Amino acid sequence: MSDVLNFDENCVFCRIIKGDIPSAKVYEDELCYAFRDINPQAPTHILVVPKAHIQSVAEIDGENEALLVGHMFTVIAKIARDEGLEGGYRVISNCGPDAGQTVPHLHFHILGGVKMGERMV
Ligand code: 5GP
Ligand code: ZN
């Protein structure tokens with residue numbers, strides 16, 4: 001059980017961080033939480049979320065960039081190493097409706113464990 005800054009009781013990821021909804025935890029520290037996606041799109045599919053209810057990339061600013069978001073990328077690299085993704089991996093963050101964001105709590109998808117084919121970028 002962890003505290004969430006700006007906890008939103010209607011947010012599934014806030015409730016996962018708090019421990020109200022079970023999740024397959026991969027990593028946790030004071031700033032972020034990582035767990036396996038319930039509907040994996042690759043053999044390894046992990047979500048990394050901040051322990052603050054920030055809606056999306058659109059809410060990243062000068063106040064949270066270094067301590068929170070910069071740290072999340074260090075965690076992403078560590079998780080990828082720990083998961084053995086030597087062959088590479090993709091990091092995705094859907095931002096807003098046009099990108100298909102379904103959970104309005106900032107998250108980075110780590111996808112790996114397979115050679116990826118068709119791609120947007
Ligand atoms: P988005 O579509 O917002 O980029 O990604 C949301 C992701 O959260 C989806 O890949 C979806 O499968 C995952 N997800 C939604 N609800 C839950 C849940 O309750 N538990 C877990 N582990 N993943 C979830
Ligand atoms: Zn939230």
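1. Two strands count as paired if DSSP finds at least two bridges between them, and strands themselves are DSSP runs (E, at least two residues), as helices are (H or I, at least four), numbered from the N terminus. On this basis Y27 stands opposite A34 in β2. The strands β1 and β2 pair in the antiparallel sense over three bridges, and a hairpin of three residues joins β1 to β2.

2. The model is a predicted one, in which local features need pLDDT of at least 70 and side-chain atom pairs count only at pLDDT 80 or more, whereas totals for chains, interfaces and linings use all residues. Side-chain values use heavy atoms, with hydrogens and water left out, residues are numbered from 1 along each chain as its sequence is written, and chains are lettered from A and ligands numbered from 1 in the order in which they are written.

3. Five strands form an open sheet in the order β1-β2-β3-β5-β4, with antiparallel pairing. Its edge strands are β1 (25-28) and β4, each of which pairs on one side only. From one strand to the next the twist averages 20°; axes are lines fitted to C-alpha atoms, for helices over the stretch in contact, and angles run from 0 to 180 degrees between N-to-C directions. Strands of a sheet pair through backbone hydrogen bonds, either parallel or antiparallel.

4. Strand β2 (residues 32-36) pairs with strand β3 (residues 44-50) in the antiparallel sense over five bridges. In this pairing C32 stands opposite P50 in β3.

5. Helix α2 (residues 65-82) lies across β1, β2, β3, β4 and β5 (108-112), and runs at about 155° to β3. The helix α2 has 18 residues and reaches 24 Å from its first C-alpha to its last, close to the 26 Å expected at 1.5 Å a residue; the expected span is 1.5 Å times one less than the number of residues. Just after α2, G84 takes a positive phi of about 75°.

6. Which residues of α2 are buried? They are L68, V69, M72, V75, I76, I79 and A80, where buried means under 20% relative accessible area, exposed over 50% and partly exposed in between (1.4 Å probe, protein chains only). The cover over the buried residues of α2 includes β1, β2, β3, β4 and β5, contact being heavy atoms within 4.5 Å.

7. A nonpolar core is a set of buried Ala, Val, Leu, Ile, Met, Phe, Trp, Tyr and Cys residues joined through side-chain atoms within 4.5 Å. The largest such core has 19 residues, of which V48, M72, I79 and I110 touch the most other members. At least two residues of this core come from each of β2, β3, α2 and β5, and α2 gives the largest share, seven residues. Leaving aside neighbours within four places in sequence, I79 is in contact with V26, Y27, A34, I46, V48 and I110. Apart from this core lies another, of 11 residues, among them Y33, L47, V49 and V103.

8. The structure holds three aromatic pairs; rings of Phe, Tyr and Trp (its six-membered ring) pair if their centres lie within 6.5 Å, with planes under 30 degrees apart counted as stacked, over 60 as edge-to-face and the rest as tilted. Why is the pair of F13 and F35 edge-to-face? The ring centres of F13 and F35 are 5.4 Å apart and the planes stand at 80°, so the pair is edge-to-face. This pair links distant parts of the chain, F13 in helix α1 (residues 12-18) and F35 in strand β2, 22 residues apart. F13 is buried at a relative accessible area of 7%, and F35 counts as buried at 3%. F13, Y33 and F35 form one aromatic cluster.

9. I92 lies in strand β4 (residues 89-92) and is partly exposed, because its relative accessible area is 27%. Not counting residues up to four places away in sequence, I92 touches H107, F108, H109 and L111.

10. N6, in the segment before α1, has a phi near 60°, a positive value in a residue other than glycine. Most residues other than glycine have a negative phi. N6 counts as exposed at 56% relative accessibility. G87, in the loop between α2 and β4, counts as exposed at 85%.
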